[in-house]
Amino acid sequence: MIFCSPYYVKKQVTIAQHPTKQMHINSATIKKIIFLAAIILCFFELQGQQNNIIPPPLHIKTIEFKPLDPKAYAPIVKLGEKLRLSFDDINAEQRIYSYKIEHCDYNWQVSNLSSTEYMTGYATDRFRDYQNSFNTLQYYTHYELEIPNKNNRIKISGNYLISVLDDSGKILFTRRFIMYQPKVNVAVTAHRSTDPSKINEQHSIQFQINHPNLLLNDPYQEIKVDVYQNNDWNSVIKGIKPKYTRGTQLWYNYVDGISYWAGNEYLYFDTKEIRNATNNIFKTRLDNIFNTYLYTNEARGSRPYAFYPDVNGNFVLRTLDAEDVSLEGDYSLVHFSLKYDENFDQDDVYIYGNYNDWQITPENRMIYNPDSGLYEATMLFKQGFYNYTYVAVNKDFRINPYKVEGSFYQTENEYTVIVYYRKFGDRYDQVIGLGSTNSERLRN
């Protein structure tokens with residue numbers, strides 16, 4: 001049984017409405033983004049409907065959805081612990097937004113449970129915490145929400161979908177999150193591939209589930225397991241069955257059965273000093289708002305591995321110019337450029353990371369500039385430290401995470417195992433365990 005993930009399949013992107021109010025972005029950039037959106041609008045709408053994942057419109061920026069622990073980045077917590085959702089609206093109109101929480105099954109489709117079965121209080125409520133920015137060139141309204149809160153509490157573990165709605169009830173964007181109850185123990189290890197042709201490029205994941213206090217009648221049917229690399233939703237390997245069982249233990253020690261391309265360390269930029277050029281930033285310029293020009297990156301697929309300290313594709317908002325980055329952090333147009341001659345007129349190239357929930361959208365697609373001979377893109381970012389990488393996406397919309405940047409077994413990655421349980425007759429999938437490991441601790 002092979003569970004190798006040579007590249008990711010991306011299916012969940014739609015384009016929401018474009019803002020009509022003038023933003024603090026130059027008109028050429030807006031025209032470029034709208035043109036790109038029009039090209040693939042129909043395709044993205046179809047794919048998004050299939051997976052309930054809707055990316056935000058252009059006026060919604062800097063969506064953070066993670067635990068209160070500053071060292072945690074993925075929206076995965078124990079049942080009863082809190083998550084914080086925040087975002088900025090650069091239309092700065094203090095509109096009344098609301099949210100809706102829905103329980104989902106193992107495949108992230110909305111379940112048949114009524115809201116009273118999975119939560120107390122209101123499944124739909126409005127955002128009550130929002131303020132306008134101050135001392136910034138780019139105006140915005142900042143919205144925050146904690147889940148659970150005094151108006152709602154989630155009662156059961158599982159997959160969940162939160163939708164943010166505008167004042168007419170239309171969905172602005174959606175985000176996934178997971179609540180789990182630790183009913184089993186999960187021990188995870190990372191290994192180099194034993195396939196001689198991939199030993200320098202892939203990681204193999206093995207794990208063991210211990211369930212001394214949980215009676216399983218048929219673990220091959222009752223237990224489902226998902227594995228993620230760096231908490232990237234697109235990297236999931238699903239449908240993994242235990243290789244064998246022994247007493248109260250389930251063993252998933254396939255030799256190279258659950259495999260990932262190791263990829264490369266993430267690139268980064270840091271705009272905490274937005275007025276100054278710092279490491280990886282070539283220059284800054286003020287033109288209505290700040291502009292940040294990064295040094296040109298070169299595709300690293302054919303180059304030797306080099307260590308870069310990273311946060312596995314995540315980002316941290318921060319500023320040296322003010323005390324409260326949520327309200328005083330400014331925005332800049334960040335200009336990316338990539339030298340990648342091998343790809344001319346083949347796959348599309350995208351800037352990839354958790355800054356936009358690992359989504360592929362027109363905004364983060366790079367355009368080849370024949371005058372400069374580079375792939376280029378410009379996006380609006382709030383001040384902070386950001387990880388990113390470059391991925392290739394083919395005509396079938398499959399993400400290739402190693403074509404541009406290469407794959408090296410030395411790369412440090414986080415691997416997470418999520419355990420689902422649904423005994424015969426149950427109406428929903430519980431999440432009963434979580435385990436993780438880091439490839440810094442390779443076992444071979």
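Phe 87 and Tyr 97: buried or exposed? Phe 87 is buried, and Tyr 97 is buried too. Buried here means under 20% relative accessible area, with exposed over 50% and partly exposed in between, using a 1.4 Å probe and protein chains only.

Some ground rules. This is a predicted model, where local features need pLDDT of at least 70, side-chain atom pairs count only at pLDDT 80 or more, and totals for chains, interfaces and linings use all residues. Residues are numbered from 1 along each chain as its sequence is written, and side-chain values use heavy atoms, with hydrogens and water left out.

Back to that pair. A search of the whole structure finds 36 aromatic pairs. The ring centres of Phe 87 and Tyr 97 lie 6.0 Å apart and their planes meet at 40 degrees, so the pair is tilted. The cut-offs: rings of Phe, Tyr and Trp (its six-membered ring) pair with centres within 6.5 Å, and planes under 30 degrees apart are stacked, over 60 edge-to-face, the rest tilted. Phe 87 sits in strand 4, and Tyr 97 in the loop between strand 4 and strand 5, 10 residues apart. Strands are DSSP runs (E, at least two residues), numbered from the N terminus.

Two strands pair if DSSP finds at least two bridges between them. Strand 4 and strand 9 share 7 bridges, antiparallel. Within that pairing, Asp 88 stands opposite His 142 in strand 9.

Another open sheet has 5 strands in the order 3-12-11-5-7, and its pairing is mixed. Its edges are strand 3 (76–78) and strand 7 (124–126), each with a single partner strand, so one side of each lacks a neighbour in the sheet. Strand 5 (residues 98–104) runs antiparallel to strand 7, joined by 3 bridges. Ser 98 faces Arg 126 across that pairing, standing opposite it in strand 7.

Next, the cores. A nonpolar core is a set of buried Ala, Val, Leu, Ile, Met, Phe, Trp, Tyr and Cys residues joined through side-chain atoms within 4.5 Å. The largest holds 27 residues, and Leu 85, Phe 87, Ile 101, Phe 127, Ile 162 and Phe 177 touch the most other members. Strands supplying at least two residues each include strand 4, strand 5 and strand 9 (141–147). Strand 12 gives the most, 4 residues. A second, separate core of 25 residues includes Tyr 340, Tyr 375, Tyr 386 and Val 404.

What does Ile 162 touch? Leaving out residues up to four places away in sequence, its contacts include Phe 65, Leu 85, Ile 101 and Phe 177. Contact means heavy atoms within 4.5 Å.

Last stop: Tyr 388. It lies in strand 28 (residues 384–393). Tyr 388 is buried, at 3% relative accessible area. Tyr 388 and Tyr 268 are 120 residues apart in sequence, yet 6.0 Å apart in space, C-alpha to C-alpha. The side chains of Tyr 388 and Asn 297 make a polar contact of 2.8 Å. That term means a pair of N or O atoms within 3.5 Å; within protein, one must be able to donate a hydrogen and the other to accept it, and residues adjacent in sequence count only if both atoms are side-chain atoms. Tyr 388 is also in a cluster linked by ring pairs, together with Phe 269, Phe 315, Phe 336, Tyr 355, Phe 381, Tyr 386 and Tyr 390.
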